[in-house]
Amino acid sequence: MTCKYHPSNKVVGQCSKCGADYCELCDFEVISGKEHTHLCLDCSRSFAVSKIVWSVICTIGGFIFGATVVKELSWSLACAYLFWGIYWGLAWSGWSSPSWQNLVDGTKYYGVWGLPLIVILLFVQLTVSAYIGCLGFGIVQTVRLVKTIKLIDLERNKAKDV
Ligand SMILES: [Zn+2]
Ligand SMILES: [Zn+2]
């Protein structure tokens, strides 16, 4: 097989999602949780789009949460921003990182204190995520993803014209 968009280029690897061959121009490295994987143009575009879609879903969820619980517009907007920030913050701190599995295993040793410990650490992670996400990281990530999507579209259009 050859690269879908650049058949004449040398293949440098396979997409870890769909298995398609890609060339140097179409090689995208993404971080999912704490894992680095390489994706082809098509898969990295849908990866970037899905992250943005999920952040929007979290924002809407936050707004609905604020509107139902506090029933005030300014608080609903604040909740929307908070949930949006938590989503990006969690992406940064690696929600699916192995340390959480270690922690769950650890409850076997901590016994009665396992559950409160998890709740406290969960709370700490949520708070840290909210700070990181709301204080800039969310915006940085969104801008980066939008740039990536634009770059991919540019590359795909270029390849179509040839
Ligand atoms: Zn792919
Ligand atoms: Zn290519």
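This is a predicted model: local features need pLDDT of at least 70, side-chain atom pairs count only at pLDDT 80 or more; totals for chains, interfaces and linings use all residues.

Q: Is L25 buried, exposed or partly exposed, and why?

A: Count the neighbours. L25 has 15 C-beta neighbours inside 10 Å, so it counts as partly exposed. The buried class needs 20 or more, and the exposed class 12 or fewer.

Q: Which residues does L25 touch, leaving out those up to four places away in sequence?

A: L25 touches H6, N9 and E155. L25 and Y5 are 20 residues apart along the chain, and their C-alpha atoms are separated by 9.2 Å.

Q: Now the whole chain. How many helices and strands are there?

A: The protein has four helices and four strands. Their order along the sequence is β-β-β-β-α-α-α-α.

Q: What share of the residues counts as buried?

A: Of 162 residues, 22% count as buried. Contacts give another view. Take those between residues at least 6 apart in sequence: 48% of them join residues at least 24 apart.

Q: How do I read the pairing of β1 and β2?

A: Look at direction, then at bridges. Strand β1 (residues 11-14) and strand β2 (residues 21-23) run antiparallel. Three bridges join them. For one facing pair, take Q14, which stands opposite D21 in β2.

Q: What lies between β1 and β2?

A: The two strands form a hairpin, with six residues between them. In the turn, G19 has a positive phi of about 80°.

Q: Which residue other than glycine has a positive phi?

A: Start from the general rule. Most residues other than glycine have a negative phi. Here K71 has a phi near 55°, a positive value. K71 is in the loop between α1 (41-69) and α2 (73-93).

Q: Is K71 buried or exposed?

A: K71 counts as exposed, because it has 9 C-beta neighbours inside 10 Å.

Q: How do I describe the packing of α1 against α4?

A: α1 and helix α4 (residues 114-161) pack at about 150°, and their axes are 9 Å apart. That angle makes the two helices roughly antiparallel, because angles over 145 degrees fall in that class. Handedness comes next: α1 passes α4 in a left-handed crossing.

Q: Which residues meet where α1 packs on α4?

A: From α1 come L41, S44, R45, A48, V49, K51 and I52. From α4 come T142, L145, T148, I149, I152, E155 and R156. By class, the residues of this contact are seven nonpolar, three polar and four charged.

Q: Take A48 from that list. Is A48 buried or exposed?

A: A48, in helix α1, has 22 other C-beta atoms within 10 Å, so it is buried. A48 touches L145, T148 and I149, not counting residues up to four places away in sequence. A48 and T142 are 94 residues apart along the chain, with 9.1 Å between their C-alpha atoms.

Q: T59 is in helix α1 too. Is T59 buried or exposed?

A: T59 is buried, because 20 other C-beta atoms lie within 10 Å. That count meets the cut-off, since buried means 20 or more.

Q: Which residues is T59 in contact with, beyond four places in sequence?

A: T59 is in contact with A80, F83 and W84. For a C-alpha distance, take I86. T59 and I86 are 27 residues apart in sequence and 9.6 Å apart in space.

Note on methods: Residues are numbered from 1 along each chain as its sequence is written. Chains are lettered from A and ligands numbered from 1 in the order in which they are written. Two strands pair if DSSP finds at least two bridges between them. Axes are lines fitted to C-alpha atoms, for helices over the stretch in contact, and angles run from 0 to 180 degrees between N-to-C directions. Angles under 35 degrees count as roughly parallel, over 145 as roughly antiparallel, 65 to 115 as roughly perpendicular and the rest as oblique. A crossing is left-handed if the near helix is turned anticlockwise from the far one by less than a right angle, and right-handed if clockwise. Two residues are in contact if their C-beta atoms, placed from the backbone, lie within 7 Å. Ala, Val, Leu, Ile, Met, Phe, Trp, Tyr, Cys and Pro count as nonpolar, Asp, Glu, Lys and Arg as charged, and the others, Gly among them, as polar.
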